[in-house]
Amino acid sequence: MLRVGLTGGIASGKSTVGRLLAARGAQLLDADALVRDLMQPGKPVYHEVVKHFGREIVNQDGTINRKALANLVFPSGRVRELNAIVHPAVVRHQDDWMAEIEGGDPQAIAVVEAALILEAGVQGHFDKIVVVTCALEKRVERFAKRFKLGKENARAEVERRLAVQMPDHEKLKFADYVIDNSGTLAGLEKQVEKLFSELHTQGSKISRRSTQDSFR
């Protein structure tokens, strides 16, 4: 089975790339959805996060207010504290999921979409790394639309979050494939089609190369 790590900075469009790969037959795990599940009341990660960051991040119904948590950790530089709690559980679940997929279909392409694969240092869990890049203005535009923010507020938030993520030029050093999502959806679909064809053709026989393929 081919294990693919799909990553990219805030509002790069990696989720769209993940959905396009899944539509073509890849198995997809959304790490952000996994984190939301792990932070549900009663889960060990939930208890650790609340214990560490305080009850002010908890809604009246007992769930974690993700916006309140983000507003607490990003401005104060406490992202690493949050990641230290969440990442180990996420990585265990990702590995378990990939093992389960392989047990059912040894020829599958299993894609884990996660923002912090490289920051967490778990790129070695994957056969191939796909990095999604995007121009800053496009990121701001997408973020503003997603969260219904004015452009300047969106820009400030995007820049704040990018500041605690690995810069794109550093991510690219780890990339086997690069998807540039600065253009149109049609252009993105062409890149993803080419990427999926490459992964499907070579499958589990692909060995990591020192050279980097780009589908711009």
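Trainee: Which side chain is joined to that of K171 by a polar contact?

Mentor: A polar contact is a pair of N or O atoms within 3.5 Å, where within protein one must be able to donate a hydrogen and the other to accept it, and residues adjacent in sequence count only if both atoms are side-chain atoms. Here the side chain of K171 is joined to that of E119 by such a contact of 3.2 Å. This is a predicted model, in which local features need pLDDT of at least 70 and side-chain atom pairs count only at pLDDT 80 or more, while totals for chains, interfaces and linings use all residues. Residues are numbered from 1 along each chain as its sequence is written, and side-chain values use heavy atoms, with hydrogens and water left out.

Trainee: Is K171 buried or exposed?

Mentor: Buried means under 20% relative accessible area, exposed over 50%, and partly exposed in between, with a 1.4 Å probe and protein chains only. K171 has 0% relative accessibility and therefore counts as buried. The residue belongs to helix α8 (residues 168–171), helices (H or I, at least four residues) and strands (E, at least two) being DSSP runs numbered from the N terminus. Contact means heavy atoms within 4.5 Å, and, leaving aside neighbours within four places in sequence, the residues in contact with K171 include T7, G8, G9 and E119.

Trainee: Where is N181 placed, and what lies 2.9 Å from a polar atom of its side chain?

Mentor: N181 sits in the loop between β5 (177–180) and α9 (185–202), and at 4% relative accessibility it counts as buried. The backbone oxygen of S12 is the atom 2.9 Å from a polar atom of the N181 side chain.

Trainee: How should I read the burial pattern along α4, and which of its residues are buried?

Mentor: One looks at the directions from the helix axis to the C-beta atoms, whose arc is the quantity quoted. In helix α4 (residues 66–76) the buried residues are L69, A70, V73 and F74. They cover an arc of only 105 degrees around the axis, which puts them on the same side of α4. Their cover includes α3 (44–53), α5 (79–104) and α7 (151–162). At the N-terminal end, N65 caps α4, with a side-chain oxygen 3.1 Å from the backbone nitrogen of K67, and α4 is followed by G77, whose phi is positive, near 70 degrees.

Trainee: What describes two packed helices?

Mentor: Two packed helices are described by the angle between their axes and the distance between the axes. Axes are lines fitted to C-alpha atoms, for helices over the stretch in contact, and angles run from 0 to 180 degrees between N-to-C directions. Angles under 35 degrees count as roughly parallel, over 145 as roughly antiparallel, 65 to 115 as roughly perpendicular and the rest as oblique. The axes of α3 and α5 come within 10 Å and cross at roughly 170 degrees, and these two helices are therefore roughly antiparallel to each other. Within this pair, V45, E48, V49, H52 and F53 of α3 meet E81, L82, I85, V86 and A89 of α5.

Trainee: Which residues other than glycine have a positive phi?

Mentor: Among them are A11, with phi near 60 degrees, and K148, with phi of about 55 degrees. A11 is found in the loop between β1 (2–8) and α1 (14–23) and, at 4% relative accessibility, counts as buried. K148 lies in the loop between α6 (136–147) and α7, and is exposed, with a relative accessible area of 75%.
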